[in-house]
Amino acid sequence: ALTLNAVALYAAPMRITEQLFALSKQLINVFSPLFAEWNGERSPERIRNAYLSCTRYALALMSALIIPAVAFSRIGLSLWLGEQFAASGSILCVLLAAALFRVLQESSANVLAMTGQHSFMARVAVAGAAANVSLSLALVGAYGAMGVAVATLASVATIGCFLATRQVCRTFEISASAFFRSVAFPTFAPCAAQAASLWLLI
């Protein structure tokens with residue numbers, strides 16, 4: 001079990017992560033009525049193109065927020081909450097990595113929900129929650145709050161993100177190469193430039 005001190009060290013990074021993720025989620029939610037409308041019109045091509053655009057924009061936004069947050073994680077937490085929270089920097093980095101996968105999961109879940117695949121997403125949510133709890137219990141004893149953060153990253157990346165994204169790609173006939181070409185690759189270059197600039201500064 002986590003001590004009160006460990007809970008405090010975990011709570012601050014979690015709050016930061018949730019606030020940053022909320023910005024990308026608002027962008028994703030803008031597309032919800034479009035997906036519902038085009039599903040009623042039976043326009044899979046529109047849904048496919050909008051999904052790729054939505055995911056690309058949301059991932060780019062989240063990446064742009066995460067990179068400086070990771071770069072200044074330790075010093076930022078120290079200045080904000082005190083030196084004792086500098087150790088939370090590594091926990092924040094892991095949770096922010098999980099947030100990137102959550103963006104992919106949320107974008108995919110939005111499409112599936114708006115196109116009538118609620119039962120599939122319900123099963124994914126249950127499986128993801130079960131995996132998160134199981135991994136957290138397995139890791140918390142040996143690794144404390146970091147173990148809980150790693151459990152969150154692993155469950156989101158391997159279950160929530162992977163299953164939801166794969167289902168959208170299957171439903172709307174999006175190949176892996178098309179997905180990476182439309183979503184991942186356009187995000188990598190500017191993120192690499194941003195990370196390099198911050199690395200030179202610090």
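This is a predicted model: local features need pLDDT of at least 70, side-chain atom pairs count only at pLDDT 80 or more; totals for chains, interfaces and linings use all residues.
## Helices α5 and α7

Helix α5 covers residues 88-114 and helix α7 covers residues 145-171. Their axes lie 8 Å apart, and the two helices pack at an angle of about 20°. Angles under 35 degrees count as roughly parallel, and α5 and α7 are therefore roughly parallel to each other. The crossing in which α5 passes α7 is left-handed. Sorted by class, the residues in the contact of α5 with α7 are 19 nonpolar, seven polar and one charged.

## Helices α3 and α5

Helix α5 also packs with helix α3, which spans residues 44-71. The axes of α3 and α5 come within 10 Å of each other and cross at roughly 165°. An angle over 145 degrees counts as roughly antiparallel, so α3 is roughly antiparallel to α5. The crossing of these two helices is right-handed.

From α3, the residues that make the contact include Ile47, Tyr51, Cys54, Ala58, Met62 and Ile66. On the α5 side, Leu92, Leu96, Leu100, Val103, Ser107 and Val111 are among them. By class, the contact of α3 with α5 has 17 nonpolar residues, four polar residues and no charged residues.

## Helix α2 and its two sides

Helix α2 runs over residues 32-40, and Ser32, Phe35 and Trp38 in this helix are buried. These residues are on the same side of α2, because they cover an arc of only 140° around the axis.

On the face of α2 turned away from the buried side, Pro33 and Gly40 are exposed. After α2 comes Arg42, which has a positive phi, near 55°.

## Ser155 in helix α7

Ser155 is located in helix α7. Its relative accessible area is 3%. Buried means under 20%, so Ser155 is buried.

Leaving aside residues up to four places away in sequence, Ser155 touches Gly128, Ala131, Asn132, Leu135 and Gly160.

Key: Residues are numbered from 1 along each chain as its sequence is written. Side-chain values use heavy atoms; hydrogens and water are left out. Axes are lines fitted to C-alpha atoms, for helices over the stretch in contact, and angles run from 0 to 180 degrees between N-to-C directions. Helices (H or I, at least four residues) and strands (E, at least two) are DSSP runs, numbered from the N terminus. Angles under 35 degrees count as roughly parallel, over 145 as roughly antiparallel, 65 to 115 as roughly perpendicular and the rest as oblique. A crossing is left-handed if the near helix is turned anticlockwise from the far one by less than a right angle, and right-handed if clockwise. Ala, Val, Leu, Ile, Met, Phe, Trp, Tyr, Cys and Pro count as nonpolar, Asp, Glu, Lys and Arg as charged, and the others, Gly among them, as polar. Contact means heavy atoms within 4.5 Å. Buried means under 20% relative accessible area, exposed over 50%, partly exposed in between (1.4 Å probe, protein chains only). The arc is that of the directions from the helix axis to the C-beta atoms.
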